[in-house]
Amino acid sequence: KANTASERNTVRNPEPFDGSDPSKLRVLLTQNQLVFRARPNTFNTDEKKVIFAISHLKGTALQWFEPFFADRNSLEEPDWVSDYKRFTDELELNFGPYDLIGNAEHELENLRMSDGQRITKYITNFNRLATLVPWGQAALRYRFYNGLAPRIKDQMAFFGKPNNLHKLHDVAQTIDYRYWEWKSKQSREHSSSNRSSSKNDNQGKSNSNSNSNKPGSDGNSGNK
């Protein structure tokens, strides 16, 4: 019981999937896998995994599977009931993108990192798409480099462009980190400069007011 309780608190359950947006199916399947890995004692059979996955469907997606559970005596039990892989195949066939690889290739070819964007988002999107396309490391490395922000590609001339995709990730991240570190330092110095300038202006005004209040500071003070 202790093991089961600790498993329940490790990973949150996935958001329900209604089948209206094919791009969200991959998110559901990924979240399911996280739950299964975090709670292996709970989901130790394919049938338990299928039941869990169906419990996180709604709308049209749930209605597709409902008849097989509403009256299991009158319908022949499909293979996917006790085979999670076949269940996910059924889901992808009916509710996944029509051309998953083609869509991923198109997105990857048009993926760009803007100068004002942090590299983390770019790498996350790149890695997500890279897992869907049948490209080799050389093609992925070429695509990753081409999509980088110009400021990173300019600095990479000093680092040298690695021949390995993973190392290319690391070098690009290092350049991006140093850039934002420099931007942060600039911002602090600018803020400090403004505060100092404001303090000097206030001090000047204070001295001016103080001098104007002294005896003899105006033109009439010398008259008796």
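1. Let's start with Glu107: its relative accessibility is 38%, so Glu107 counts as partly exposed. (Buried means under 20% relative accessible area, exposed over 50%, and partly exposed in between, using a 1.4 Å probe and protein chains only.) Its partner is Arg128, and the two side chains meet in a salt bridge at 3.7 Å, N to O. Arg128 sits in helix 7 and Glu107 in helix 6, so this pair ties together parts that are 21 residues apart in sequence. Arg128 is partly exposed too, at 38% relative accessibility. A salt bridge here is a side-chain nitrogen of Lys or Arg within 4 Å of a carboxyl oxygen of Asp or Glu. Helices (H or I, at least four residues) and strands (E, at least two) are DSSP runs, numbered from the N terminus.

2. A word on what you're looking at. This is a predicted model, where local features need pLDDT of at least 70, side-chain atom pairs count only at pLDDT 80 or more, and totals for chains, interfaces and linings use all residues. Residues are numbered from 1 along each chain as its sequence is written, and side-chain values use heavy atoms, with hydrogens and water left out.

3. Back to the salt bridges: the structure holds 6. Another one joins Arg151 and Asp176, with the closest N and O atoms 2.7 Å apart. Arg151 belongs to helix 9 and Asp176 to helix 10, so here the linked parts are 25 residues apart in sequence. Both ends are tucked away: Arg151 is buried at 12% relative accessible area, and Asp176 is buried at 5%.

4. Which residues form a network of salt bridges? Asp79, Asp83 and Arg86 do. Within it, the closest N and O atoms of Asp83 and Arg86 are 3.7 Å apart. Asp83 is partly exposed at 24% relative accessibility, and Arg86 is partly exposed at 44%.

5. Now the inside. A nonpolar core is a set of buried Ala, Val, Leu, Ile, Met, Phe, Trp, Tyr and Cys residues joined through side-chain atoms within 4.5 Å. The largest one has 24 residues, and those with the most contacts inside it include Ile119, Tyr122 and Phe126. Helices 6, 7, 8, 9 and 10 each supply at least two residues of this core, and helix 7 gives the most, with 6. Take a look at Tyr122: leaving out residues up to four places away in sequence, Tyr122 touches Leu111, Arg112, Met113, Gln117, Arg143, Phe144, Gly147 and Leu148. (Contact means heavy atoms within 4.5 Å.) Apart from this core lies another, of 20 residues, among them Phe36, Phe52, Leu57 and Trp80.

6. Next, the largest pocket, with a volume of about 590 Å³. Its lining has 22 residues, with Pro22, Ser23, Arg26, Pro97 and Leu100 nearest its centre. Helix 2 (25-38) provides the largest share of that lining, 5 residues. By class, the lining divides into 12 nonpolar, 6 polar and 4 charged residues. (Ala, Val, Leu, Ile, Met, Phe, Trp, Tyr, Cys and Pro count as nonpolar, Asp, Glu, Lys and Arg as charged, and the others, Gly among them, as polar.) On a 1 Å grid over the protein atoms alone, a pocket is an open set of points where a 1.4 Å probe fits, with protein on both sides within 12 Å along at least five of seven lines; lining residues have an atom within 4 Å of a point. Grid points are joined across faces, edges and corners, and a volume is the space filled by probe spheres set on the points.
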